[in-house]
Amino acid sequence: MIMTKEKNKTYDLVYISMFTVLIAICSWISIPAAVPFTLQTLGIFLTVGILGGKRGTISVLVYILLGAIGIPVFAGFSGGIGVLIGTTGGYLVGFLVTALVMWGIEYAFGSGKIVQIVSMFLGLLACYTVGTLWFIAVYTQQTGDVGIWAVLSWCVFPFVIPDILKIVLAIVLIRRIKGAIQ
């Protein structure tokens, strides 16, 4: 029994580490913009969808902590606390909120395909909310007042369709990867 628990902890650490790296790699695939177009949300969806809520959320947290201490895991090979407290830092924090939302929904309703799709959409909505509010607060402090519609047009509207496509891709990949792992 003890050997099995130790083996499971080792597997957990390996999977959490692998998916933390996956999120970082997804962040490096980037098209520069005010808020860069990346595959980070795909990485978040895959991580929580495959590892489950607890391990997936830990993986997202490790990713954010690695970036916070300066390891260049964020978009554009950036890292450091300055990125987190900058205008786009709220979207990075929003990834953790996304994972927590997905975990909560998984805990309450299971991990069926429809539940996962709903959890991804609600998680994405939470990420957009946290990120947008953060962007407004930091931008206003650094530059001056900015309207909600301006921020939505910079930081949310251009990402909606790509993020929906990422959800579709994540659902397909989650089923295939989970099948291969088992």
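**Phe121 and its contacts**

I started with Phe121 and listed its contacts, taking contact as heavy atoms within 4.5 Å. Leaving aside neighbours within four places in sequence, Phe121 touches Ile164 and Ile167. This is a predicted model, so I kept in mind that local features need pLDDT of at least 70, side-chain atom pairs count only at pLDDT 80 or more, and totals for chains, interfaces and linings use all residues. Residues are numbered from 1 along each chain as its sequence is written, and side-chain values use heavy atoms, with hydrogens and water left out.

Next I looked up where Phe121 sits, and found it in helix 6, residues 113–142. Helices here are DSSP runs of H or I with at least four residues, strands are E runs of at least two, and both are numbered from the N terminus. Ile167 is 46 residues away from Phe121 along the chain, yet their C-alpha atoms are separated by 7.8 Å.

Is Phe121 buried, partly exposed or exposed? Phe121 is partly exposed, with a relative accessible area of 36%. My cut-offs: buried is under 20% relative accessible area, exposed is over 50%, and partly exposed is in between, with a 1.4 Å probe and protein chains only.

**The core**

Then I went inside. I took a nonpolar core as a set of buried Ala, Val, Leu, Ile, Met, Phe, Trp, Tyr and Cys residues joined through side-chain atoms within 4.5 Å. Which members of the largest one touch the most others? Tyr63 and Met120 do, out of 39 residues. Helices 1 to 8 each supply at least two residues of this core, and helix 2 gives the most, with seven. I also noted that in soluble globular proteins, nonpolar side chains tend to be buried together.

Leaving aside neighbours within four places in sequence, its contacts include Thr20, Ile23, Val73, Phe74, Leu92 and Phe95.

**The whole chain**

Last, I zoomed out. I counted eight helices and two strands, running α-β-β-α-α-α-α-α-α-α from the N terminus. The radius of gyration is 17 Å, close to the 16 Å from the globule rule for 182 residues, so the protein is as compact as a globular protein of that length. That radius is taken over C-alpha atoms, and the rule is 2.2 Å times the number of residues to the power 0.38.

The C-alpha trace spans about 60 × 35 × 25 Å along its principal axes. Buried residues make up 40% of the 182. Among contacts between residues at least 6 apart in sequence, 67% join residues at least 24 apart.
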